Amino acid sequence: MNIIDTIKLSLIVPVYGVEKYIHKFLISLSKNLIDGVEAILVDDGSRDNCGAIIDDYQAKYPKFVKVIHKENGGVSTARNAGVAIAKGEYIIFTDPDDYLADSYVKDILAAIEEYNYPDMVFFDYMTGHAGNFKLKTVSFTEGNIDKETFLEEFGNNKIESQLWSKAIRKAFFHRYSFEKSVGCGEDYLLLTDLILDLNSIVYIKKPLYYYVLRQDSLTGSASPSEKIKMLDMFVERYKRYKKLVDNISIASAANYAYGILRNASIDDYNNDDIVYCEKFIKSNIWDIITDKGKDFSIQNKKHCLFVYLGIAKYYNTWKRKFKK
């Protein structure tokens with residue numbers, strides 16, 4: 001039987017401007033190229049040597065690797081292009097400036113078979129940088145996870161929205177795709193809707209991915225307008241999940257909004273984005289103050305109360321001057 005007929009997992013990797021990091025990722029990928037998997041490397045019009053690097057890699061592993069070259073359109077368009085040619089029954093998205101555990105693919109495929117082909121498999125990961133990684137895990141026992149239990153943890157961001165820790169049936173991507181206009185938070189936006197359609201979820205209690213923190217990452221360099229879009233995503237998830245599951249906290253949205261305000265000067269408070277964040281906190285102050293989420297500290301609630309009272313801008317300006 002041809003390998004194309006037996007593919008269970010497609011790894012889709014958008015590639016752009018990561019010449020400094022991609023070699024380590026490809027070394028880790030090589031250890032995971034086993035029967036039942038394909039890797040789709042999507043060159044999103046990268047202006048460095050990434051295109052040539054992945055062509056050479058594909059020539060080395062033609063049985064497992066496909067390459068797409070396209071004009072630059074952003075990570076969402078690159079992922080959509082990969083989905084369009086994927087042959088796997090499951091899809092997972094990885095980033096070329098991170099790297100995979102040696103048993104990444106093997107453990108995912110084993111869980112898919114052991115638990116009778118669930119809608120999604122997710123797992124622990126390591127986060128940090130060279131020589132200083134920390135385990136990111138959850139309190140679940142390995143195996144099948146009740147959907148309501150998962151939604152509560154996911155809705156409260158205890159389970160984060162990165163796609164590289166989640167292998168999802170390809171059938172769901174017939175209904176959902178990445179928004180081309182979203183440059184930051186595309187994972188979060190897609191998963192808010194997609195997760196609600198899942199019926200069976202399996203957890204692997206083992207770190208299978210290394211998420212490398214970098215100052216030049218896309219998430220860390222979000223523009224003010226992109227940050228407001230992210231706030232809208234937090235708010236939308238909170239409103240939708242609150243209707244479905246008890247104990248959904250407003251903490252993520254409130255903390256994010258206040259994080260934007262905390263770095264604003266007094267003059268910035270005439271800015272539309274700052275006004276938007278301030279209005280959100282003021283209009284939700286009761287939910288914020290009465291929120292029982294364990295990750296929503298008294299200190300952060302106090303700061304949101306300062307926003308409601310109109311004194312946060314003066315407090316934050318004073319605090320910054322005092323620290324100097």
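**Charged and aromatic side-chain pairs**

Aspartate 35 is exposed, with a relative accessible area of 53%. Here, buried means under 20% relative accessible area, exposed means over 50%, and partly exposed lies in between (1.4 Å probe, protein chains only). The model is predicted: local features need pLDDT of at least 70, side-chain atom pairs count only at pLDDT 80 or more, and totals for chains, interfaces and linings use all residues. Residues are numbered from 1 along each chain as its sequence is written, and side-chain values use heavy atoms, with hydrogens and water left out.

Side chains of opposite charge can pair when their charged atoms come close. A salt bridge is counted when a side-chain nitrogen of Lys or Arg lies within 4 Å of a carboxyl oxygen of Asp or Glu. The structure holds 15 of them. Aspartate 35 takes part in one, with lysine 63, at 3.2 Å from N to O. Aspartate 35 sits in the loop between helix 1 (22–30) and strand 2 (37–44), and lysine 63 in the loop between helix 2 (50–60) and strand 3 (65–70). The two residues are 28 residues apart. Helices (H or I, at least four residues) and strands (E, at least two) are DSSP runs, numbered from the N terminus. Lysine 63 is partly exposed, at 48% relative accessibility.

Glutamate 113 pairs with lysine 8 in another salt bridge. The closest N and O atoms are 2.0 Å apart. Glutamate 113 belongs to helix 4 (residues 104–114), whereas lysine 8 lies in the segment before strand 1 (9–15). This pair links distant parts of the chain, 105 residues apart. Glutamate 113 counts as partly exposed, at 49% relative accessibility.

A salt bridge also joins glutamate 89 and arginine 169, at 2.9 Å from N to O. Glutamate 89 lies in the loop between helix 3 (75–85) and strand 4 (90–93) and arginine 169 in strand 9, so the pair ties together parts that are 80 residues apart in sequence. Glutamate 89 is partly exposed, at 33% relative accessibility. Contact means heavy atoms within 4.5 Å. Not counting residues up to four places away in sequence, arginine 169 touches Glu89, Tyr90, Tyr117, Pro118 and Asp119. Elsewhere, salt bridges link Arg79, Asp95, Glu186 and Asp187 in a network.

Aromatic rings were examined next. Rings of Phe, Tyr and Trp (its six-membered ring) pair if their centres lie within 6.5 Å; planes under 30 degrees apart count as stacked, over 60 as edge-to-face and the rest as tilted. A search of the whole structure finds 20 aromatic pairs. One of these is edge-to-face: phenylalanine 133 and tyrosine 210, with 5.4 Å between centres and 90° between planes. Phenylalanine 133 is in strand 7 (residues 132–136) and tyrosine 210 in strand 10 (residues 201–212), 77 residues apart. Phenylalanine 133 is partly exposed, at 22%. Tyrosine 210 is also partly exposed, at 25%.

Tryptophan 164 and tyrosine 209 form a stacked pair, 4.4 Å centre to centre, with 5° between the planes. Tryptophan 164 lies in the loop between helix 5 (147–155) and strand 9 (166–169), and tyrosine 209 in strand 10, 45 residues apart. Tryptophan 164 is buried, with a relative accessible area of 2%. Tyrosine 209 is buried too, at 0%.

Arginine 237 lies over the face of tyrosine 188, at 3.5 Å from the ring centre.

How values were computed
A charge sits over a ring if NZ of Lys or CZ of Arg is within 6 Å of the ring centre and within 35 degrees of the ring normal.
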